[in-house]
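Here is a short briefing on one protein chain. Please keep the sequence and the 3D view open while reading.

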Amino acid sequence: MGLAMVLVLAPVAGVALGTAIEGANACSDKVELTVAAAPEIAPVLKTHAKQQADKVTSEGICVDATVVPADSASMAVAMAEANGSEIDVGDAAVEKVEIPDVWVPESTVWLTRLTGNLNGALDERIDSVAEAPVGLAIKHGEADQETGVSLTSTDVATSDPRSDAASMAVYLASSTNKGVSLTSNPDGAKVMSQTALTQHNKNSDEKLMFVEPFPQLAPFEYPYVPYNTETADLQAATDAFRSSLLSNGFSNILASNGLRSPSPYLEFPDADSVDEALKAYKK
């Protein structure tokens, strides 16, 4: 109806109505939101944030989301230290990072390892924003079956699971599948997410192929983790940006970057399984 009215009104009235609509759609407030995300999903979230910059939420605010890539081990250390705790990330090169309003690591395993250590700083509601399978990166022709390889008979180049979530997925798989080899061969197939492999192929002359192993590894689920949303405006901005990640527009961005829309049921590895995996690595 509004469009029809604009078409038949005199030019001056049309300008006045257009101004009124613009005013109604203008931001009553703009809230800045900092989002630190795992490097492989940070560009995806940054693209989405730019598209959402001038959109008004139901609360009448606009969310100005700044997305920065952040190494998950470094962020976990910063969060633990800020809350009087610590987390073992081995010999990882820990960067000094600022704690954001929202953290999007690649794996829920980080949250399992931080649970109980943050004195309620993490929001009770944690959703997944995307999903990516974790598997092996191999050269074309290296597998007898390029549709899958067995973790019980394949040399795998894992890293320290205390700092590398993809390697942690292998160690977690070994806790329920005793035949999975935990002997890391630096010349073996590198374990990584499909997203990380896609980015590798974009930036390297050595093209690798993603192979999903069996038994399957737990996928990366990229949890949306609000941190200390102390004010009503910040809470509203956090919720609004999270809701925008359910849109078709964001789903299209995910698909174009080799990511899947998330499962509605976010899974967390239990602490006992994580402890067992870490003990297996340290043997």
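The protein chain holds 10 helices and 9 strands. Its average pLDDT is 83.

**Confidence**

- 85% of the residues score a pLDDT of at least 70.
- Among the elements, β3 has the highest mean pLDDT, at 96. Helix α1 (residues 2-8) has the lowest, at 35.
- Over residues 1-24 the pLDDT is below 50. Beyond near neighbours in sequence, that stretch has 3 contacts in the model.
- Where pLDDT is low, predicted coordinates should not be read in detail.

**Overall make-up**

- The chain has 283 residues, and 46% of them count as buried.
- Contacts between residues at least 6 apart in sequence were examined, and 82% of these join residues at least 24 apart.
- The accessible surface comes to about 14700 Å². Carbon and sulfur atoms account for 50% of that surface.

**Helix α3 (residues 42-52)**

- The buried residues here are A42, V44, L45, H48, A49 and Q52. They lie on the same side of α3, because they cover an arc of only 155° around the axis.
- Two strands packed against by these buried residues are β1 (29-37) and β2 (61-69). Strand β3 (102-104) is also a packing partner.
- The helices α8 (232-244) and α9 (248-256) are packing partners of the buried α3 residues as well.

**Helix α4 (residues 72-82)**

- Helix α4 is largely enclosed by the rest of the structure, because 9 of its 11 residues are buried.
- The buried residues are S72, A73, S74, M75, A76, V77, A78, M79 and A80.
- They pack against β1, β3 and α5 (109-114).

**Salt bridges**

- Side chains of opposite charge can pair when their charged atoms come close. The count for this model is 7 salt bridges.
- R242 and D127 form one of them, at 3.8 Å from N to O. This pair links distant parts of the chain: R242 sits in helix α8 and D127 in strand β4 (residues 127-128), 115 residues apart.
- R242 is buried, with a relative accessible area of 6%. D127 is partly exposed, at 25% relative accessibility.
- R242 also meets D239 in a salt bridge, at 2.7 Å from N to O. D239 and R242 are 3 residues apart in helix α8, so about one helical turn separates them.
- D239 counts as partly exposed, at 27% relative accessibility.
- R162 and D160 form another salt bridge, at 2.8 Å from N to O.
- R162 is buried, with a relative accessible area of 15%. D160 is buried too, with a relative accessible area of 14%.

**Aromatic pairs**

- A pair of aromatic rings is described by the distance of the centres and the angle of the planes.
- The whole structure contains 2 aromatic pairs. One joins Y171 and Y281, whose ring centres are 5.8 Å apart and whose planes meet at 80°, so the pair is edge-to-face.
- The Y171 and Y281 pair links distant parts of the chain. Y171 belongs to helix α6 (residues 165-176) and Y281 to helix α10 (residues 271-282), 110 residues apart.
- Y171 is buried, with a relative accessible area of 5%. Y281 is partly exposed, at 28% relative accessibility.
- F220 and Y222 form an edge-to-face aromatic pair, with 6.1 Å from centre to centre and 85° between the planes.
- Are F220 and Y222 buried or exposed? Both are buried.

Definitions and conventions. Residues are numbered from 1 along each chain as its sequence is written. Side-chain values use heavy atoms; hydrogens and water are left out. Buried means under 20% relative accessible area, exposed over 50%, partly exposed in between (1.4 Å probe, protein chains only). Helices (H or I, at least four residues) and strands (E, at least two) are DSSP runs, numbered from the N terminus. The arc is that of the directions from the helix axis to the C-beta atoms. Contact means heavy atoms within 4.5 Å. A salt bridge is a side-chain nitrogen of Lys or Arg within 4 Å of a carboxyl oxygen of Asp or Glu. Rings of Phe, Tyr and Trp (its six-membered ring) pair if their centres lie within 6.5 Å; planes under 30 degrees apart count as stacked, over 60 as edge-to-face and the rest as tilted. Accessible areas come from the Shrake-Rupley method with a 1.4 Å probe; for residues, only the protein chains shown count as cover. pLDDT is the predictor's confidence in each residue, from 0 to 100.
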